[in-house]
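Q: I would like to learn how to read a protein model. Could we go through it feature by feature?

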Amino acid sequence: MKLPLTLFFALFLCSVTLHAQSIYGIKGSVADTVANSKLANTTIAVLNAKDSTLVKFTRTTATGSFTINNLRKGKFILMVTYPDYADYIEQFQLDSLKHEKNFGRLSLKLKSRLLREIMITGTKAAIKIKGDTTEFNASSFVVQPNAKVEDLLKQLPGIQVDKDGKITAQGQTVSKVLVDGEEFFGDDPTLVTKNIRADMVDKVQLYDKKSDQATFTGIDDGVKNKTINIKLKEDKKNGYFGKADAGVGSDKFYQGQAAINVFRAKQKFAVYGTLANTGKTGLGWDDASKYGGSNNLAFDDDGGNNGPYIRDELEAYGGNYDGRGIPVARTAGAHYDGKFNADKVNINANYKVGYLAVNGLNTTLTQNNNPGYILNSNSDQSYNNSIFRQKMDFVYQLKIDSLSNLKISIDGTLKHSELNSTTGSASYRNFDTLVNKSNKSLTNDVDGRIFNANIFYNKKFKKVGRSFSWSVGEAYNDSKTAGYLQQKTTFYNYKPGLDSISNIDQYKTGNTIGSNLTSNITYSEPFTKTLSLIINYGTGFNHSSADRKSFDPGVTGTYNKLVDSLSNNYDFNQFSNQLGAMFNYRTAKTVFNFGTKATDVQFDQVNNIGNIHFKRSFLNWTPQMNYQYRFTQYRSINFRYGGNTSQPTIDQIQPIRNNIDPLNIVLGNPDLRPSFRNNFNMNYNTFKVLSGQSFYFSGNLSFTANPIVSNVITDAKKGTTTSVYSNLISNNPYNASVYTRYGQKIKGINFDLGLNGSTSVNYNYANSVLNTTKSYNYGGSLGVSKYIQKKVDIYFSWQPGYTVSQSSLQPNTNNNGFTMNGYSYFNVYLPGNFEINYDADYQYRAATKSFSDDFSKVIFNTSVSKKFLKESNLKISATVNDLFNQNVGFNRSAYGNYITQNSYVSIKRYFMFSITYDFSKMGGAAPTKK
């Protein structure tokens, strides 16, 4: 049979093409450099040069030779790995002129012979890829003497650390930092970054940590957290290190701290102490991870408007107070953790004690939009608040056998706070008509007790993916308050003139208790290698109670006359049964899981005054869905949906008047029903290891059905408001946002570009008229950083934005305006161990139709320091805080029919002279028990 000529040529060209493709390949052999022995079974991998994805791999033969054919033309990376030998990495290219690459004889070196040098065709093996883990060799990145882990992370490609210590890796926020695979003083990533010295680090590993459920069950649920693991050098695991510093400044400012951390075999012990009035309320990220972790306290003004919202945080974000007022802090703590019995037993314990006092001034301007008119209020407040708190926590983990584990966690807190404030305020109708004036004095003492306990048991079975777990937990919170309220309010007529005067003189007590007992059983069963089922059953009993009383003075002047309308004793009990099922489908690139939880909730509301019961029951659904597709190891897309039911709180349903702020009364509504929130999320992430290029995009959409909203009834004549909660049936509030970020390192300079936008629509009632609040936010960011060893370290960030926020009741009086934030720091390392640095924070808020004045400030801090001694561990510094003396607290916000502007006293300019001494003695490898 003869073939047509055209078909013959077509087949010939095809065979030539196939043949040309088939002859693209590489070959070579591998041997030991010194012993000249052939290395059999060595792993040979070919990676794509663009994104470092694996193209093909093989292993060497008994003679140490290797061959990889059927490669396409392009740029590649050759990686050669063998146990105990340094990795070999080389880039190469195959094209029409060069079909084959012969690497010849590749000589590998034992790591033990390299000492500090790891050869990659003449350079150090800075980066290795092991499955889903990217590993950075710390010795390949040079930092300053006595530098911390944070300084090391700034040098690693694809990792950014911002001014607050927040870590971003491969376009995603790092949520956990471990030390040798274990939590170190808690799981806040920033607690480690400024803790350990960089010269103690051997490797930095970056990977996606599976959820606890996926870890226990062996079934991938698609939930991953970007995690960094700091692996210490063996000779840095035995000894001690610490620091002591003291500073004295102008205007009676001072700060000092001392801390020490001891490593001994598999045990760690740490203590610290801090005393300061500069805003340093704890060790912060710089030292908290070393010497006791963070304190997450929680106290506010108990709804009493007794000053700005004061977080019960002796160690606030970054170890500094949030800027409201002038603080004095005294804190101390101790930490211990250890492993015993061949690592089967793990103990972790912390004790922390702290005192924080804050004095301040606070000015608030409020615009209340109502149908037909606007009510403007301004208030000036001085306050003196303090808190004393003790906290202890303990974790015991037991590895019963190779398949079973037990974990017991306990923590308890005792705290006492004292709050005192005086406030003067005035309200105007449409900016010019005086409605009322008020002077208020409020004191409140709060004693709180918090206790949490949890027992978790897990057992895996021999069949991969089959597991059983059971957790039981109790959370208890008890708060007792007592204080005095004195307020005089003068009301005026529409025409200038006195209308009436209201005087309040009361003693108030309160006792609120919250107790939540839960139990949850989970079982997982794999059907096939790709399909599995997770089922769980849980029960819960939640008890809340509030006993609040108000007393007027009796004829003898003693506060013993109960005010019935402002007193109540209320219990709120919830009992729930929950059953859930989740299906999980998983392949090499795809994870898809879906399911729901159904919860039967029984409410029992009891008004103990009159013994009035109100019982209800609900069936709540919690549907979930997650789909993830991983194109390559460093490029993936993810879609999520989650629905959840929110129950009304006891403060929303309790029918009790609270006149702690007599001009703004809040009433409860016992008829409230739960709301349901739908959440949709999509994100896309890609990262190229060698170039450090990254791109991240996320989009979010959520809307709420049957939302709980407030109805604010404003008395136009007196300027008082009364708020009550209710469910909104006709409209669904929603919010949506998009965020994108691009990062790239070009000629040693890190560039970071971001864009974001969001919109939201919320509803509330004003004088029973539905008000719609629409908000739009547009913004961008540009970050540039550069580090040159022993010369300069520079960072710059610029974040412009525009905000649109308006109420349907008063559309022409809005809070639309331009915003701008900027931050930069600059460190110069000079001969003679001198350093000069500055950091500057810029904030701008444009004038709006609601507030006619714009606001801007530049906080500029600078210092000059010199290091002494052989290891440069003694430093003397001269610092100027807020050089231009512009630090004034400022905030603008809009919610419902309210637009608020708040300004407050903050720490301003001062000069400080300080001495810091870092000490360490890290011996050889940690001793082992015989």
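**Strands and their partners**

A: Strand 31 and strand 33 (residues 675–688) pair in the antiparallel sense over 12 bridges. Two strands count as paired if DSSP finds at least two bridges between them. Within this pairing, R640 has N681 in strand 33 as its bridge partner. The model is predicted: local features need pLDDT of at least 70 and side-chain atom pairs count only at pLDDT 80 or more, while totals for chains, interfaces and linings use all residues. Residues are numbered from 1 along each chain as its sequence is written, and side-chain values use heavy atoms, with hydrogens and water left out.

Q: Which strand pairs with strand 31 through a hairpin, and in which sense?
A: In general, strands of a sheet pair through backbone hydrogen bonds, either parallel or antiparallel. Here, strand 30 (residues 612–632) pairs with strand 31 (residues 635–646) in the antiparallel sense, over eight bridges. Two residues form the hairpin that joins strand 30 to strand 31. R630 is opposite S636 of strand 31.

Q: How many helices and strands are there in the protein?
A: Helices (H or I, at least four residues) and strands (E, at least two) are DSSP runs, numbered from the N terminus. This protein has seven helices and 47 strands.

Q: In what order do the three strands of the open sheet stand?
A: The order is 4-1-7, and the pairing is mixed. Strand 4 (65–68) and strand 7 (100–108) are at the edges with a single partner strand each, so one side of each has no neighbour in the sheet. On average, neighbouring strands of this sheet are turned by 15 degrees against each other, direction ignored. For such angles, axes are lines fitted to C-alpha atoms (for helices over the stretch in contact), and angles run from 0 to 180 degrees between N-to-C directions. Strand 1 (residues 25–32) pairs with strand 7 in the parallel sense over seven bridges. Across from S29 is R105 in strand 7.

Q: What share of the residues is buried?
A: Buried means under 20% relative accessible area, exposed means over 50%, and partly exposed is in between (1.4 Å probe, protein chains only). Of the 930 residues in the protein, 46% are buried. The protein exposes about 44,300 Å², and carbon and sulfur atoms supply 56% of this area. Accessible areas come from the Shrake-Rupley method with a 1.4 Å probe; for residues, only the protein chains shown count as cover.

Q: Is S404 buried or exposed?
A: S404 counts as buried because its relative accessibility is 2%. Its place is in strand 22 (residues 404–429). Contact means heavy atoms within 4.5 Å. Leaving aside neighbours within four places in sequence, S404 is in contact with L398, K399, Y457, N458 and K459.

Q: What share of the contacts joins residues 24 or more positions apart?
A: Among contacts in the protein with a separation of 6 or more, such residues account for 65%.

**Salt bridges and a surface patch**

Q: How many salt bridges does the structure hold?
A: A salt bridge is a side-chain nitrogen of Lys or Arg within 4 Å of a carboxyl oxygen of Asp or Glu. The structure holds 10 of them. One is between K203 and D202, at 3.4 Å from N to O. K203 counts as buried at 15% relative accessibility, and D202 counts as partly exposed at 29%.

Q: Which residues make the nonpolar surface patch?
A: Patches are made of residues with over 30% relative accessible area and no salt bridge: like charges are joined within 9 Å, and nonpolar side chains (Val, Leu, Ile, Met, Phe, Trp, Tyr) within 5 Å. Here W470, V472, L517, I521, F541 and F575 make a nonpolar patch of about 500 Å². Strand 24 (467–492) and strand 25 (498–526) each supply at least two residues of this patch. V472 lies in strand 24 and counts as partly exposed, at 31% relative accessibility.
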